[in-house]
Amino acid sequence: MEYGFIKVAAATPHISVANPSANVKEIIKLMEQADACGVELLVFPELCVTGYTCGELFLSDVLVHSVSNALDKICEATVGKKALVFVGSPVWNKAKLYSCAVAFQNGKVLGVVPKTALPTYSEFYELRHFTSGKNILGSIKLCGQVVPFGTNIIFAAENNDSVRIAAEICEDMFIISPPSNRHAQAGSSIIVNLSASNELIGKSDYRRTLIKSQSGRLSAGYIYASAGSGESVSDIIFSGLRIIAENGEILTESQLFESGLTVCEIDTQKLAYERRKLNVFETASNGYCTVEFSFDETGAELVRRISPLPFVPSDFKSVSSRAELILQMQSRALAERLKLTGLSAVIGVSGGLDSCLALLAILRSYKILGRSKKDIIAVTMPGPGTSAKTVKNVSGLAAAFGIQIRNIPIMDAVEKHLKDIKHNGKKDTAYENVQARERTQILMDIANAEKGLVVGTGDLSENALGWCTYNGDHMSMYAVNSSVPKTLVKYLVSYEAERIEKYKEALLAVLNTEISPELLPADKGKISQKTENIIGPYELHDFFLYYTVRFGQKPDKTLMLAVKAFEGKYDREEIKKHLSVFIRRFFTNQFKRNCVPDGVKIGTISLSPRGDWRMATESNAEEWLDTVK
């Protein structure tokens, strides 16, 4: 367990109904496989020691005796193994039979959690054999040990206070107020569910939705292990579904009708940060018993997938639906602002990605308002750094979109201003920023003269890095791209290119243009100033931004994740170099973010001081930089 990651597994053994001796062998075999993988938390299905479908055999003295022997063997098999193991078993206590989750670690029984909700509908008749464990908290003697017995037990890692585990069993998850609600309020960060849920058409999707939703509602990890092959199929069948979720996201899941292990990691530091950030997470631990245990913190190889593009969905279908939603949000927010002010949209069109996306949002907003595209005031302002390629892009966009774009060259105005301030002629920051401010002045003055509203084009990544000219492109009257990261901008433009055929050629030309502010003279008509050659790849900076702002993550952990996510593309030293650049720029450019224009919040990250991000301009980056080893 390193950086807050705990390696977890859900296990489905092939069982033999009413044959604990055979089942124990299957359980132990999976325990050994999990141990070889470095698993620290292992969850088996409900009643897997006997099988869920034993029926009246649950009441047999023979089965009760066999279960006792089986639990002894499981307890013994955990000796020398690192994992905390939850096994589903029938347990007799004070002349009553309970369906329980029995927790073992290193030769000890840590506690026994009985099932609360016993279904008695359709094919289920659990009250015929079992007693509900609701409101019970006492003790039981099991495997020669006296241990806590009850629903209100939290298993807490004594060497990591972010690892607190609680159990619920199958139907407990389906009821109106699941035990996991109380567990989370009592501080549990991981919920394990030992299940025996039969398969029906549509039921696996329903379970998946419940698990995803519950993990998100509780800001918790959720490990679900269900019964599978070997159960009786007289009336029903079990699929062995296994799911590992974290904070509303399914990290991994098994195929239906497959036995074995499903392994992943849950990030407990992330969960702890999420609860701190929400600050509405009530805690009520009264009536709970805390059982401490210790993890071996030697760590193991991270198997969970780390996306190199955390802002972008991994499958095309999700990208398309996400892109449509984002464009709808941008355009509808802008339409509302234009409607309320009665103004026309004014935009500077450079031939690059950001202004292209902003222009697409304007086109949609005008359609929503039923306004003519003739009212769009689009301006291109070629300067000393403008390339032939971006000039061609602007012409292509105008033709594809059916709009007029005014051409206002700024070369003479820039040259005169530089002379007025007695500039020395060097191609320095002043030389570059004069151009950005001249363009902003033109747009603002046109807006004043023609009852317009300047639509900003700067994106979230540029806001984070401060890659904008203060009171130049930094400023607008409404910033539609302000919470869209650069890595997502191109997917939005790509989506429109595929959606609207007549836009395709023009948008693809923009997509194939290098990212540049074009503030230094072009080299034989070609772009000479390439942003990513100066500050580093945007895909890395967006990765750093996501984990720094969304989860408050330490830079050394972000570095570790980036090395895994970009394996084969960037080496560790290159990533480390760019991470240091990101940290320094992020801290030193807060003054620009303190006065950004309004802009619609799109995702979970916004750097507006009126919304998500308030940081002192004088905050020091050294503590963060010191962790980048």
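Colleague: At what angle do helix 7 and helix 12 pack?

Modeller: This is a predicted model, in which local features need pLDDT of at least 70, side-chain atom pairs count only at pLDDT 80 or more, and totals for chains, interfaces and linings use all residues. Residues are numbered from 1 along each chain as its sequence is written, and side-chain values use heavy atoms, with hydrogens and water left out. Helix 7 (residues 353-369) and helix 12 (residues 486-499) have axes 10 Å apart and pack at an angle of about 50°. That makes helix 7 oblique to helix 12 (under 35 degrees is roughly parallel, over 145 roughly antiparallel, 65 to 115 roughly perpendicular, the rest oblique), the angle being about 50°.

Colleague: Is the crossing of helix 7 and helix 12 left-handed or right-handed?

Modeller: Helices are DSSP runs of H or I with at least four residues, strands are E runs of at least two, and both are numbered from the N terminus. A crossing counts as left-handed if the near helix is turned anticlockwise from the far one by less than a right angle, and as right-handed if clockwise. For helix 7 and helix 12 the crossing is left-handed.

Colleague: How many charged residues does the contact of helix 7 with helix 12 have?

Modeller: Contact means heavy atoms within 4.5 Å. On the helix 7 side the residues include Asp354, Leu360 and Arg364, and on the helix 12 side they include Lys486, Val493 and Glu496. By class there are eight nonpolar residues, no polar ones and, counting Asp, Glu, Lys and Arg as charged, six.

Colleague: Which residues is Pro485 in contact with, leaving aside its neighbours within four places in sequence?

Modeller: Pro485 lies in the loop between strand 20 (478-479) and helix 12. Pro485 is buried, with a relative accessible area of 2%. With its neighbours within four places in sequence left aside, the contacts of Pro485 are Phe311, Leu460, Ser461 and Asp542.

Conventions
Axes are lines fitted to C-alpha atoms, for helices over the stretch in contact, and angles run from 0 to 180 degrees between N-to-C directions. Buried means under 20% relative accessible area, exposed over 50%, partly exposed in between (1.4 Å probe, protein chains only).
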